[in-house]
There are 4 protein chains.
Amino acid sequence: MRADAQRNRAKILAAAEEVFVESGADASTEEVAKRAGVAIGTVFRHFPTKNDLLAAMMKQLADRLAGEAETLAAQGDPRTALFTFFEGVVEQAAGKKTVVELLGVDIQVGRQLQAMRDAIGTLLMRAQESGAVREDVQLDEVMALLTATSHGALHAGWSDDLRARTLSIVFAGLGPS
Amino acid sequence: MRADAQRNRAKILAAAEEVFVESGADASTEEVAKRAGVAIGTVFRHFPTKNDLLAAMMKQLADRLAGEAETLAAQGDPRTALFTFFEGVVEQAAGKKTVVELLGVDIQVGRQLQAMRDAIGTLLMRAQESGAVREDVQLDEVMALLTATSHGALHAGWSDDLRARTLSIVFAGLGPS
Amino acid sequence: MRADAQRNRAKILAAAEEVFVESGADASTEEVAKRAGVAIGTVFRHFPTKNDLLAAMMKQLADRLAGEAETLAAQGDPRTALFTFFEGVVEQAAGKKTVVELLGVDIQVGRQLQAMRDAIGTLLMRAQESGAVREDVQLDEVMALLTATSHGALHAGWSDDLRARTLSIVFAGLGPS
Amino acid sequence: MRADAQRNRAKILAAAEEVFVESGADASTEEVAKRAGVAIGTVFRHFPTKNDLLAAMMKQLADRLAGEAETLAAQGDPRTALFTFFEGVVEQAAGKKTVVELLGVDIQVGRQLQAMRDAIGTLLMRAQESGAVREDVQLDEVMALLTATSHGALHAGWSDDLRARTLSIVFAGLGPS
DNA sequence: GATGAATGAGTGTTCATTCAT
DNA sequence: AATGAATGAACACTCATTCAT
């Protein structure tokens with residue numbers, strides 16, 4: 001792929017994130033094109049289907065989140081890394097519908113999503129080893145709570161304060177009884 | 001309003017709940033009309049806008065949930081009533097897009113939503129008085145968690161098992177430490 | 001169906017015949033709407049698919065042709081009725097792409113087409129009984145020649161003279177040797 | 001023109017014949033480029049317009065048919081050569097949309113078509129001299145019937161059998177009465 | 001000359017909303 | 001009040017054609 005095509009692809013993905021975040025997945029592809037400063041045909045050349053565009057954007061996001069989780073797993077305090085990551089994701093979600101939809105299963109993101117799951121799994125294991133999280137908690141519930149609170153933060157427009165209080169309950173629930 | 005108009009209004013609302021629950025808010029108004037056994041014009045005479053129809057349906061739902069909460073407040077065990085209600089809502093949400101959307105703020109439901117909040121507030125107070133829920137938990141967080149887990153149950157398609165495990169964490173978080 | 005809807009349906013079919021005749025089946029549905037003096041949605045309300053519109057137009061045509069054939073079978077001279085019908089169809093085809101496409105099998109017209117075949121079959125039988133057409137000629141060939149010459153008259157823009165000379169060869173081929 | 005450009009031109013024409021024969025003239029130019037192993041820009045450099053490409057392909061075909069006619073005129077039995085050629089063209093047409101469209105006048109093919117006409121004219125003259133075809137038949141009718149039956153064979157999807165029976169009627173019509 | 005990315009007008013189709021019956 | 005036909009803006013997507021690399 002040519003350099004300029006690469007650049008356009010990036011512009012389109014960025015625009016898609018902006019647009020779909022603002023208006024949800026029902027936003028028009030045309031709007032994405034406009035925001036990216038390209039013609040509609042260019043969007044469809046890069047992503048033959050609106051769904052492809054959504055999926056590509058989600059993959060990008062999943063990669064980003066997986067990266068964050070991995071970094072925290074490598075560097076952070078095992079006792080708090082999971083919670084830090086959790087907070088970060090939910091905070092981002094507050095402004096981004098896409099994060100939310102990513103965490104659901106509406107669009108199959110495949111490997112990227114798996115990578116993210118794995119990274120979060122590591123965080124969970126460390127937290128459990130260090131006694132910060134109960135042994136009987138499984139990754140599925142953590143993902144579920146992450147999804148749920150991200151959805152909530154976005155749709156319900158939680159304030160920073162409410163978000164903190166809500167997460168503190170979740171974290172208490174995860175901690176040793 | 002004539003008696004038959006009143007009856008049509010009810011039929012339309014019922015149909016709307018059916019349709020939007022099955023197919024989400026993107027379902028067509030035409031489909032609602034068909035399901036209600038009414039012409040499309042009649043739907044728009046009662047609800048000048050699709051949004052008005054959605055809002056009315058949400059209000060109905062909010063009323064129903066408020067009723068459930070009040071019943072539980074009047075009759076149930078104070079220690080478990082909140083959790084019972086919580087579980088019931090999330091379980092319903094798993095099969096109903098509308099419940100989920102109701103809990104968000106996309107559509108302003110106003111007074112009905114307030115009634116529901118109040119009823120849930122009562123449940124919370126009772127639970128706190130009985131020591132089942134920590135004193136520092138506020139209604140906002142409870143609503144937030146209710147919203148979040150309902151969203152999650154719907155979008156992520158949680159299994160019954162996962163739903164139970166996820167809620168058990170939330171309930172643990174709400175309980176005394 | 002209401003009277004005005006009936007009228008619109010007719011206007012649309014007429015416009016479709018005009019438009020598709022002028023420009024072939026690739027002409028846009030929008031153009032049909034414009035020509036009919038209705039909005040595009042109206043066309044799609046009556047004919048949910050472009051193909052449905054084409055098929056309906058074809059059916060109308062098949063009905064018309066079947067009617068002509070039946071009239072000739074009832075009233076005409078058995079020796080010449082088939083040839084008269086044949087000439088009539090090809091003459092119409094000269095200005096109408098649709099007649100041509102109807103005779104092909106691109107779009108399944110079903111019963112209407114069958115009715116037309118039957119009517120032409122009657123004409124053929126009469127012609128053979130009267131000795132004007134060889135006994136070993138089958139309906140399939142007659143239909144094939146009708147199709148072929150109609151196509152030709154249209155696409156090649158035959159003059160009246162050329163059409164007459166071409167048909168005279170076909171008729172000679174059909175007659176007794 | 002460079003040697004490789006020459007080669008590309010040939011590859012494109014060959015691909016065009018393949019593609020348009022399979023899918024009709026609505027096939028996309030992109031598909032032709034792909035089949036030719038060439039970028040889309042190259043196709044448009046050689047043939048500035050899709051129509052130009054179609055026309056060039058038709059010319060090629062006309063040349064080929066003219067060649068066949070000339071060969072038959074030089075070598076074949078004058079009594080049957082015209083019929084043999086006729087059968088060959090119609091048989092080819094059955095599998096080739098392009099042959100059909102060539103014989104029409106949708107696209108002006110000019111000199112090449114003239115060459116083909118001339119060659120067929122020779123076949124006709126020989127057939128008439130040998131008494132196999134009536135004296136009063138003109139080339140125009142023969143071309144018209146060739147066009148018509150080719151169209152028919154293609155669009156109506158005639159079986160081999162039907163094609164033979166249909167042509168036998170045409171040939172009987174051309175023969176002495 | 002070749003490449004293939006970009007363009008943008010155009011297509012079939014849907015659907016909230018209006019309005020004549 | 002109810003009906004359901006008509007409206008027309010909007011959408012996802014295609015493709016001939018242009019143009020930067």
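A: Start with the charged pairs: two salt bridges are counted between chain C and chain D, a salt bridge being a side-chain nitrogen of Lys or Arg within 4 Å of a carboxyl oxygen of Asp or Glu. The model is predicted, so local features need pLDDT of at least 70 and side-chain atom pairs count only at pLDDT 80 or more, while totals for chains, interfaces and linings use all residues. Residues are numbered from 1 along each chain as its sequence is written, and chains are lettered from A in the order in which they are written.

Q: Which residue forms a salt bridge with Glu141(C)?

A: Arg165(D) does, with 2.9 Å between the closest N and O atoms.

Q: Which elements give two or more residues to the side of chain C that touches chain D?

A: Helices here are DSSP runs of H or I with at least four residues, numbered from the N terminus. Those elements are helix 8 (139-155) and helix 9 (160-174) of chain C. Helix 8 of chain C supplies the largest share, ten residues.

Q: How are chain C and chain D related?

A: Two copies of a chain are related by a rotation about an axis and a shift along it. Here a rotation of 177° with 0.2 Å of shift superposes chain C on chain D, with RMSD 0.7 Å, by least squares on the C-alpha atoms of residues with pLDDT of at least 70 in both. The two copies are therefore related as by a two-fold rotation axis. In chain C, Gly173(C) has the C-alpha nearest the axis, 1.6 Å from it.

Definitions and conventions: Heavy atoms only, no water.
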